Amino acid sequence: IFHRPVHKSNIKTKMKFDLLLFDLDGTLYDQACGYEANIHSNIFKFMVQAKSGKFDAITTIQEAEMVWKPIFDKYNLTKRGLLAEGYQFDTQEYDIFIRQGVR
């Protein structure tokens, strides 16, 4: 790693940001707020209610949880994991569905 010397003339006193990006994976908010539990509950409901292809075999929340766990462990993201494992669904519909009830 190479470092360039910092001169006072290179330091800006004010920074302007056009975009701030937050990764909502439990690192920026208290788990007690219920955000993650709500998202997971909605993911499992989505998996039960989605009726096409591989989702047809999932008929209960408990089955959805059992299918979800190894997928999440492998891919660390539910949507990416489901798609990689051959589940077919509208990703925009999924995003809207899983965020229901989030405040």
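## Basis of the model

The model is predicted, so local features are reported at pLDDT of at least 70 and side-chain atom pairs at pLDDT 80 or more, while totals for chains, interfaces and linings use all residues. Residues are numbered from 1 along each chain as its sequence is written, and side-chain values use heavy atoms, with hydrogens and water left out.

## Overall fold

The protein chain contains four helices and zero strands, where helices (H or I, at least four residues) and strands (E, at least two) are DSSP runs numbered from the N terminus. Of its 103 residues, 24% are buried, a term that stands for under 20% relative accessible area, with exposed meaning over 50% and partly exposed lying in between (1.4 Å probe, protein chains only).

The accessible surface of the chain is about 8500 Å², and 56% of it belongs to carbon and sulfur atoms; areas of this kind come from the Shrake-Rupley method with a 1.4 Å probe, and for residues only the protein chains shown count as cover. Among contacts (heavy atoms within 4.5 Å) between residues at least 6 apart in sequence, 44% join residues at least 24 apart.

Leaving aside residues up to four places away in sequence, Met 47 touches Phe 55, Ile 58, Ala 64, Val 67, Trp 68 and Leu 82.

## Salt bridges

The whole structure holds four salt bridges, each defined as a side-chain nitrogen of Lys or Arg within 4 Å of a carboxyl oxygen of Asp or Glu. One of them joins the side chains of Glu 85 and Lys 74 at 3.5 Å, N to O, linking the loop between α3 (78-84) and α4 to helix α2 across eleven residues.

Asp 95 pairs with Lys 79, with the closest N and O atoms 3.0 Å apart; Asp 95 lies in helix α4 and Lys 79 in helix α3, so this pair ties together parts that are 16 residues apart in sequence. Asp 95 also forms a salt bridge with Arg 99, at 3.9 Å between the closest N and O atoms, and shared partners join Lys 79, Asp 95 and Arg 99 into one network.

## Surface patch

Met 15, Phe 17 and Leu 20 make a nonpolar surface patch of about 400 Å². Phe 17, in the segment before α1 (35-49), counts as exposed because its relative accessibility is 56%.

How values were computed. Patches are made of residues with over 30% relative accessible area and no salt bridge: like charges are joined within 9 Å, nonpolar side chains (Val, Leu, Ile, Met, Phe, Trp, Tyr) within 5 Å.
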